[in-house]
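Subject: Handover of a structure and the findings on it

Dear colleague,

Please find the structure that I am handing over to you below.

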Amino acid sequence: MREHIILIGFMGAGKSTIGRALARRLKAPFLDTDKEIESQAGASISHIFETQGEAVFREAETGLLKTLSAKGEKMVISTGGGLPLREENRRLLKRLGQVVYLQVQPDTVLKRLKGDATRPLLKGPDAREKVASLLGQRLPLYREAAHITVAVDNKRVEEIAEEILGKLKDSGGAIGQATETI
Ligand code: S3P
């Protein structure tokens, strides 16, 4: 397994936490696209959404993906929940490595993000409806973007990390082929 491992999925799926655990296990560097964009912009995601709008943030996501190379040291990369929405981004992700969709149920998202003020898309009332509607729209795109899917509800971080590595190993040949033909 030489390519990067990229985690995608909805807000609250645990992409950053699981990504850090995977990176520790593999002794690989870890990169979080949200953190990288915040550090490059010198502002929080909420601030970027408020002052410049979502479109500017989405451009920054694509811009960052374009700067990442499939070559070099293997990395674990966690992504913002909306990053795979653009077709261009899904293509860029597949070029970078093995894309893992962390699938989470709406109830888990609501439990984990209760009181969270850092996700502009879930701000305000009706969080349940927002999560259900966004998840419904995004599910097919996450599936399209991913090489493998791992369900995360009611599992421990280390258990999920193990499952990811096992599934990636099992599907190694197919992933290699898919990546080469892009
Ligand atoms: C977003 C998810 C967030 C962040 C931004 C937009 C989304 O990342 O990129 O608030 O569109 O789902 P997390 O998935 O890490 O919460």
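How many Å separate a polar side-chain atom of Asp34 from an oxygen atom of the ligand? The distance is 2.7 Å, which falls under the definition of a polar contact (a pair of N or O atoms within 3.5 Å; within protein, one must be able to donate a hydrogen and the other to accept it, and residues adjacent in sequence count only if both atoms are side-chain atoms).

Before going further, please note that this is a predicted model, in which local features need pLDDT of at least 70 and side-chain atom pairs count only at pLDDT 80 or more, while totals for chains, interfaces and linings use all residues. Residues are numbered from 1 along each chain as its sequence is written, and side-chain values use heavy atoms, with hydrogens and water left out.

The ligand site

The ligand is surrounded by 13 residues, where a residue counts if one of its heavy atoms lies within 4 Å of the ligand. The closest are Lys15, Asp34, Arg58, Arg119 and Arg138. A polar side-chain atom of Arg119 lies 2.7 Å from an oxygen atom of the ligand, and Gly82 places a backbone N or O atom 3.3 Å from a ligand oxygen atom. On its own the ligand has 380 Å² of accessible area, of which the protein covers 95% (Shrake-Rupley method with a 1.4 Å probe; for residues, only the protein chains shown count as cover).

The sheet

Helices (H or I, at least four residues) and strands (E, at least two) are DSSP runs, numbered from the N terminus. Five strands form an open sheet in the order β2-β3-β1-β4-β5, with parallel pairing; two strands pair if DSSP finds at least two bridges between them. Because β2 (30-32) and β5 (148-151) stand at the edges with a single partner strand each, one side of each is left without a neighbour in the sheet. From one strand to the next, the twist averages 25° (axes are lines fitted to C-alpha atoms, for helices over the stretch in contact, and angles run from 0 to 180 degrees between N-to-C directions).

Strand β1 (residues 4-8) pairs with β3 (residues 76-78) over three bridges, and Ile5 stands opposite Val76 in β3. Strand β1 also pairs with β4 over five bridges; there, Tyr101 is the bridge partner of Ile8. Five of the five residues of β1 are buried, so this strand is largely enclosed by the rest of the structure. Here, buried means under 20% relative accessible area, exposed over 50%, and partly exposed in between (1.4 Å probe, protein chains only).

Strands β4 and β5 run parallel and are joined by four bridges, with Leu102 opposite Val150 in β5. The covered face of β5 holds Ile148 and Val150, whereas Thr149 and Ala151 lie on the uncovered one.

Two helical regions

The buried residues of helix α6 (residues 106-113) are Thr108, Val109, Leu110 and Leu113. They pack against α7 (127-145), contact meaning heavy atoms within 4.5 Å. Just after α6, Gly115 takes a positive phi of about 80°.

Is Ser171 buried or exposed? Ser171 is buried, with a relative accessible area of 19%. This residue lies in the loop between α8 (157-170) and α9 (172-181), and its side chain reaches the backbone oxygen of Lys167 at 2.9 Å.

Yours sincerely,
A colleague
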